[in-house]
Amino acid sequence: MDAAVAAAEANGHGRGGAKRPNLVPEARRPRLGAGRGAQDPKRGSRSQRANSRPPSSMASCAEPSEPSAPLPAGVPPLEDFEVLDGVEDAEGEEEEEEEEEEEDDLSELPPLEDMGQPPVEEAEQPGALAREFLAAMEPEPAPAPAPEEWLDILGNGLLRKKTLVPGPPGSSRPVKGQVVTVHLQTSLENGTRVQEEPELVFTLGDCDVIQALDLSVPLMDVGETAMVTADSKYCYGPQGRSPYIPPHAALCLEVTLKTAVDGPDLEMLTGQERVALANRKRECGNAHYQRADFVLAANSYDLAIKAITSSTKVDMTFEEEAQLLQLKVKCLNNLAASQLKLDHYRAALRSCSLVLEHQPDNIKALFRKGKVLAQQGEYSEAIPILRAALKLEPSNKTIHAELSKLVKKHAAQRSTETALYRKMLGNPSRLPAKCPGKGAWSIPWKWLFGATAVALGGVALSVVIAARN
């Protein structure tokens with residue numbers, strides 16, 4: 001009995017506060033993380049656990065003051081407890097198996113940082129996080145070509161540019177006044193190639209070429225290839241360019257900018273270089289004039305005259321000066337024609353006057369000057385000039401027709417002016433008829449009497465004033 005009490009006290013139970021002991025020893029309690037079917041080496045078999053149970057484990061259930069009754073003969077000690085332990089062991093094993101199954105599930109869970117990913121996906125896709133990180137770090141692929149790649153140069157959709165081959169790194173863009181060399185391929189909207197110029201040289205901003213080129217090349221880098229789509233108004237207009245480009249034709253231009261260098265210094269040009277440059281500008285003006293683009297034509301003629309008349313630091317021969325003078329007269333005449341088409345009468349009159357200063361008998365200048373004066377309504381000045389031109393070239397039907405037209409207009413103008421004067425002075429038919437016997441210098445007697453009376457009164461007044469003084 002003392003041994004049983006001592007054992008109970010050793011298990012943490014006092015006499016007064018006895019409670020039911022834990023029937024499952026600590027050695028048989030499940031451990032977190034043990035797998036299914038794992039066996040603790042300390043637990044042993046069921047019989048070993050039963051034999052190892054302390055004999056006084058159920059002794060605390062009896063009254064401690066009464067001695068335990070002796071067991072009947074032939075009954076092994078603690079057999080009933082062994083049976084109870086066996087039942088409890090069976091229930092405990094089922095609980096242990098359930099707890100072990102739960103422990104198995106917990107053991108298969110991933111760490112806390114991987115809770116967001118299903119373990120099946122982890123098993124099927126190892127390194128998914130690394131792949132996602134690398135995919136996020138990779139640069140996005142370049143988007144497919146979109147309509148936004150076209151640059152609307154003027155904002156009206158009629159002149160657009162698209163880069164096909166960019167220029168090399170560090171390349172620069174040309175500026176106004178530089179001489180550029182391009183490779184040009186011209187096609188219609190249906191893809192028909194109509195023109196190709198491997199080495200087209202022109203000066204930016206000088207209107208040497210169509211507007212589509214003059215406006216798009218400054219937006220290109222040296223070495224760049226671009227596609228330019230242009231409406232007919234920025235190409236060859238309603239006239240077209242016979243025989244390949246029809247009227248009102250929109251064009252597709254494939255342009256490669258090869259070089260861009262500074263323009264020439266006019267002061268350092270020789271006489272022949274000046275003649276060549278002025279001739280190129282004049283021919284460009286003629287091309288614009290034929291397309292009825294009179295603004296660009298006038299600009300080209302102005303540039304040609306500037307190349308001729310600019311100061312020079314190089315000596316020129318007499319023949320070169322004569323060539324430049326003849327070229328200047330041609331450019332001034334063409335400039336006057338363009339200005340006349342634009343109704344810039346004062347500028348056209350000035351250009352004709354400059355020609356007549358060098359060549360007073362220039363028929364074209366005389367004709368255009370007379371026409372300008374006629375447009376301003378100065379018929380009395382225009383008719384003598386046209387008569388002088390007709391005298392120099394009597395067979396010129398154009399001058400003759402213009403002169404006849406001006407004479408008729410002048411006569412109509414004079415009759416209109418006469419009627420206007422009569423209206424301002426009154427109707428002359430109401431005036432008294434002149435006496436046939438009197439001459440043109442006869443004075444009416446009323447006017448004579450009145451004048452005499454005024455004279456006499458003035459004399460009398462002067463005498464009175466003198467007497468008072």
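Start by selecting Leu 325, Lys 328, Val 329, Leu 332, Asn 333, Leu 335, Ala 336, Gln 339 and Leu 340 in H9, which meet Tyr 345, Ala 347, Ala 348, Ser 351, Cys 352, Leu 354, Val 355 and His 358 in H10; contact here means heavy atoms within 4.5 Å. Sorted by class, the residues of this H9 and H10 contact are twelve nonpolar, four polar and one charged. (Nonpolar covers Ala, Val, Leu, Ile, Met, Phe, Trp, Tyr, Cys and Pro; charged covers Asp, Glu, Lys and Arg; the others, Gly among them, are polar.)

A quick word on what you're looking at: this is a predicted model, where local features need pLDDT of at least 70, side-chain atom pairs count only at pLDDT 80 or more, and totals for chains, interfaces and linings use all residues. Residues are numbered from 1 along each chain as its sequence is written, and side-chain values use heavy atoms, with hydrogens and water left out.

Now show H9 (residues 318-341) and H10 (residues 345-358) whole: their axes come within 8 Å and cross at roughly 155°. That makes H9 roughly antiparallel to H10 (an angle over 145 degrees).

To see the contact, pick Asn 333, Ala 336, Ala 337 and Leu 340 of H9 with Lys 364, Ala 365, Arg 368, Lys 371 and Val 372 of H11.

Finally, zoom out: buried residues (under 20% relative accessible area, 1.4 Å probe, protein chains only) make up 30% of the 469 residues in the protein.

Terms used. Axes are lines fitted to C-alpha atoms, for helices over the stretch in contact, and angles run from 0 to 180 degrees between N-to-C directions. Helices (H or I, at least four residues) and strands (E, at least two) are DSSP runs, numbered from the N terminus. Angles under 35 degrees count as roughly parallel, over 145 as roughly antiparallel, 65 to 115 as roughly perpendicular and the rest as oblique. Buried means under 20% relative accessible area, exposed over 50%, partly exposed in between (1.4 Å probe, protein chains only).
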